[in-house]
Amino acid sequence: MLAVFFIIIILNFILPRAMPGNPASILANEYNLPPETVKILVSLWKLDRPLHEQFVAYIESLFTGQWGYSYKYYPRTVYELVMERLPWTLLLQGVTSITVPAFGMLMGILAGWRRGTKYDVAVTISAIIVYAIPYYWLALMFQYVFGYQLRIFPIAHALTPGASYSNFLEYVADVLWHLTLPVLVVTLTAYASYTLVTRNSMVDILEEDFMFVARAKGLPERTLMKHALRNALLPPLTMLAIRLGHIVGGAVITETVFSYPGVGYLIYESIMFKDYPVLNAAFFMLSITVIVANFAADLLYAVVDPRIRYVRRG
Amino acid sequence: MLWFRGRHIPIAIFIVILVLSLTLPYSDILVAQEAVLKIGMPDEIDSFNPFTSLFAAAGYVWGTLYDTLIYISANGTYIPWLAESYSIDERNLIITFKLRPNAYWHDGTPITAEDVEFTFNLVLASNYSDKLDKWGLRKYIEYVKAVDAKTVEFKLKEPYAPALFYIGAIIYPLPKHIWSKVDPLTFKNLENPVGSGPFKFAKYTSGVSIELVVNDKYYRGRPKIDKIVVVLYKSTDALMLDLMAGNIDAMTAVTVAPELVPTLLRDPNIRVVELTHSASLRWIGFNLDKYPFSIREFREAIAYTVDKQAIVNTVLLGYGYPAADGWIQPLFGGWYNPSVTYRKQNLTKAKEILDKLGFVDRDGDGIRETPNGTKLSFSILTISGRAEFERSAELIAGWLSKVGIEAKIEAQSLGTVDEREGRGNFDIGFMGMGMSRTTEIDYYIYERFHSLQAPPIGEYAGRNWFRYRNPEMDQLLEQQRRTLDPEKRREIVWKIQEIVARDLPALTLYMKTSLVAYRTDKYVGWIESEGPTSKLSVLSLSLKGPQVVTVVTQIIQTVPITQIREVTQVVGGTTMIMTQTQIVTGTVTTAPPGGIPTETVVAIVVLIVVLVAVAFLAMRRR
């Protein structure tokens with residue numbers, strides 16, 4: 001794991017810099033800056049220094065202090081930018097990491113359990129259709145219908161712009177009110193893959209010999225379900241672990257469409273503008289959570305999968 | 001039946017959210033008494049440091065928080081603003097500003113000449129100068145000096161026409177008692193910035209909004225609105241929906257897509273206006289260091305293949321106009337040379353020129369060859385993800401193929417395009433930039449056409465990436481900088497346009513007009529000619545009074561609404577730029593009858609239901 005960590009740190013430095021284009025002149029182009037400014041920015045960001053010096057500065061900024069200054073948001077530090085957005089990302093991603101698998105797996109389990117019935121067909125077909133709907137289209141439609149036509153949910157943002165709150169409860173209510181549409185749209189467009197995977201593995205398990213034996217023994221439905229679930233939930237749990245690994249990466253499209261302040265859009269911007277310090281910090285953070293999430297998933301298998309046990313040797 | 005109990009949880013969560021959301025409208029009622037202007041903007045905030053901040057939204061906010069010595073109105077008039085008056089001596093070397101006696105910083109400290117001196121010295125003569133002097137002012141300004149508490153004097157090294165623009169309208173005087181204690185390069189100024197403008201800073205919520213409250217002691221009189229909320233967006237679609245829903249009153253730093261205009265105009269409370277002072281120029285630049293683009297006649301032949309009006313009609317849906325060949329556009333009023341127009345499409349003429357150059361098709365494949373046998377096959381480099389650019393480039397490629405020139409379109413990321421153009425690794429480059437009448441004309445021409453900005457291929461060129469080198473042009477560019485007499489300077493600028501139109505280092509294509517929309521149901525006093533969200537417009541806004549007040553008795557009182565359309569221009573001292581009659585006039589398009597988008601929504605829902613039903617039936621038959 002340590003080796004992976006070091007490779008990540010090195011790749012993290014090389015990859016963004018391997019992309020063509022100079023951050024200063026990209027900004028100059030976007031904001032119509034005179035050539036004199038480009039020269040100033042290059043020296044300000046130390047882009048004129050040799051690569052090995054930049055690498056030392058990169059390592060230093062990674063382990064000490066604030067991860068350096070952002071180029072695009074200069075003079076704000078990367079740490080400041082990330083910390084402003086991270087709570088919103090964790091909230092949105094955290095909530096959808098519960099709603100999406102929960103809803104998806106529930107539908108999948110029910111469909112798999114009643115395989116071959118009308119209910120199964122309805123769930124499967126609707127899941128396939130919903131899976132094919134482009135996310136941003138559905139989001140726009142929801143904004144249009146619920147935000148503009150019916151006016152029951154806000155069109156954008158995480159808070160009401162310019163609102164003042166008399167107590168904390170009002171603030172929480174405002175946050176939840178703004179969270180509803182993004183969560184609803186993410187859930188609707190992302191649940192389908194969980195449903196399909198869960199249903200298929202459920203159907204497979206139910207056809208297994210041991211289930212046949214269990215049924216023949218005359219075990220109650222409830223116990224049968226328990227046996228089936230324990231085995232059928234492994235694939236969707238793997239999907240969940242992968243999803244959790246990306247939790248700090250944010251959701252670029254959701255954040256863009258709903259103007260939700262999050263890390264995803266920051267990363268997207270930093271790629272567009274070759275904002276190296278932000279990119280480095282973001283991918284550093286992302287790779288750590290992915291490693292941790294995978295590790296956690298491995299541990300989780302031991303709990304869920306009856307075939308895997310961590311045995312203390314010796 | 002384990003799962004039935006679980007099914008209630010999402011429903012319960014939904015109900016809780018619904019109930020909680022009912023408590024929200026109360027917060028709106030609390031602020032309903034105030035005149036709160038909400039302006040939507042597509043950006044985030046980098047900082048409120050006028051030296052380092054680049055973002056449009058941040059710029060709008062610190063442009064409202066701080067005042068400049070001079071304000072340039074949309075028609076190019078210089079209005080003394082924080083300065084009561086200004087004067088220039090007869091040798092054109094000393095500019096003197098007299099500050100307003102009743103001007104105070106937001107924290108109550110008087111604004112003095114010392115503050116102005118301090119701010120300019122940061123740029124001109126401090127440890128930070130080489131990082132802060134983005135405009136190269138040190139080359140032209142000898143010193144800045146506070147003569148007395150309210151008078152400040154600038155001494156130039158030589159006559160420099162753009163000086164008044166940079167000193168008066170670009171650099172924001174900052175409070176010395178705050179900025180002398182900080183590092184101006186890394187000072188973010190996000191917490192309680194102290195400014196001089198009509199509105200004071202109140203609150204910044206990252207990714208959501210910036211709130212500004214009225215400055216009661218503003219030296220030009222208290223604005224009639226109490227609060228401005230600048231609302232930040234990441235997507236223009238959400239911004240437009242919020243405008244339609246009435247959640248914001250106006251928009252800035254973003255334009256309305258032409259396709260949206262009919263939808264917006266269906267709402268009687270929304271007005272769509274064309275900004276008269278700013279528009280975006282699009283052009284194709286040629287790599288002049290590369291054969292055959294080095295031949296002037298060849299470039300002219302390409303110019304004759306392009307139908308600028310057709311691009312405007314198809315790509316911009318008519319919201320634009322063909323650009324004049326001389327780079328400077330009618331937008332700039334008197335600076336524009338009316339005798340420089342544009343070459344209309346003439347394919348026969350283009351073919352004639354190509355034939356005369358000896359570029360003929362010898363192998364009969366429909367593509368011409370140069371006399372030494374290489375095919376006239378080029379690439380048009382454009383930026384990916386910008387549909388407008390790509391569509392225009394495709395039209396141009398189509399016309400070129402009609403005269404026997406093959407052109408492929410290469411769409412690459414902004415970074416790649418910028419790098420390739422800068423280093424001269426391209427044939428034809430498609431580019432665009434915003435142009436504003438309120439910006440000094442020198443900004444658009446000097447670095448664009450000066451040979452000093454054209455290093456050899458391989459080295460990065462910022463603006464003159466066509467690598468246009470013409471000693472006559474260099475001389476004219478220098479000369480216009482030194483000429484302060486507006487009439488004489490105008491003659492030089494006119495000459496520059498003639499040369500650009502003749503030499504065609506780049507072929508200008510069209511000007512894309514800037515459409516903006518705002519709501520009329522809450523405020524009156526919008527000044528459309530200045531731009532609805534400009535400082536002048538915002539200062540003239542007031543809450544719409546009740547149109548009809550019914551009293552319990554039989555008397556019906558009507559309160560008239562005064563709609564201010566004219567700008568009262570305070571012109572003290574001498575005005576540098578002559579006020580010309582507007583050549584470009586703002587037009588407001590009338591609402592055409594159009595279809596209702598709800599029908600589309602219904603149609604899509606019906607389609608989905610039908611699809612599901614069909615699929616369901618098909619599965620059952622099995």
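Predicted model: local features only at pLDDT ≥ 70, side-chain atom pairs only at ≥ 80, totals over all residues.
In helix 7 of chain B, the residues Ala163(B), Leu164(B), Phe165(B), Tyr166(B), Ile167(B) and Gly168(B) are buried, and this helix, which covers residues 163–170, is mostly covered, with six of its eight residues buried.

**Chain B and its helix 7**

- Chain B contains 20 helices and 21 strands, and of its 622 residues 44% count as buried.
- When contacts in chain B between residues at least 6 apart in sequence are taken, 67% of them join residues at least 24 apart.

**Glu498 of chain B**

- Glu498(B) belongs to helix 18 of chain B, which runs over residues 486–503.
- Is Glu498(B) buried, exposed or partly exposed? Because Glu498(B) has 14 C-beta neighbours inside 10 Å, Glu498(B) counts as partly exposed; a residue needs 20 or more such neighbours to be buried, and 12 or fewer to be exposed.
- Leaving aside neighbours within four places in sequence, Glu498(B) is in contact with Gly326(B), Asn337(B) and Val340(B).
- The C-alpha atoms of Glu498(B) and Asp325(B) are separated by 8.4 Å, although these two residues stand 173 residues apart along the chain.

**Chain A and a pair of its helices**

- Chain A has 14 helices and zero strands, and buried residues make up 40% of its 314 residues.
- Along its principal axes, the C-alpha trace of chain A spans about 80 × 65 × 40 Å.
- The axes of helix 5 of chain A and helix 11 (residues 234–245) of chain A come within 11 Å and cross at roughly 165°; helix 5 of chain A and helix 11 of chain A are therefore roughly antiparallel to each other.
- Helix 5 of chain A passes helix 11 of chain A in a right-handed crossing.
- On the side of helix 5 of chain A, the residues that meet helix 11 of chain A are Ser97(A), Pro101(A) and Met105(A), and their partners in helix 11 of chain A are Pro236(A), Leu240(A), Arg243(A) and Leu244(A).
- By class, this contact of helix 5 with helix 11 of chain A has five nonpolar, one polar and one charged residues.

**Where the chains touch**

- The contact takes 68 residues from chain A and 62 residues from chain B.
- Among the elements that give two or more residues to the side of chain A that touches chain B are helix 5 (78–113), helix 7 (135–149) and helix 8 (168–207) of chain A, and the largest share, seven residues, comes from helix 7 of chain A.
- The residues on that side of chain A divide into 42 nonpolar, 15 polar and eleven charged.

**Nonpolar cores**

- In the largest nonpolar core, which has 116 residues, Ile39(B), Ala57(B), Val61(B) and Val230(B) touch the most other members, while the largest share of this core, twelve residues, comes from helix 8 of chain A.
- Not counting residues up to four places away in sequence, Ile39(B) touches several residues, including Ile228(B), Val230(B), Val231(B) and Ile248(B).
- A second, separate core of 69 residues includes Leu288(B), Ala301(B), Val340(B) and Phe449(B).

Key
Residues numbered from 1 in each chain as written. Chains lettered and ligands numbered in written order. Contact = placed C-beta atoms within 7 Å. Helix = DSSP H or I, 4+ residues; strand = E, 2+ residues; numbered from the N terminus. Nonpolar A, V, L, I, M, F, W, Y, C, P; charged D, E, K, R; others polar. Axes fitted to C-alpha atoms, helices over the stretch in contact; angles between N-to-C directions. Parallel < 35°, antiparallel > 145°, perpendicular 65-115°, else oblique. Left-handed = near helix turned anticlockwise from the far one by under 90°. Core = buried A, V, L, I, M, F, W, Y, C linked by C-beta atoms within 7 Å.
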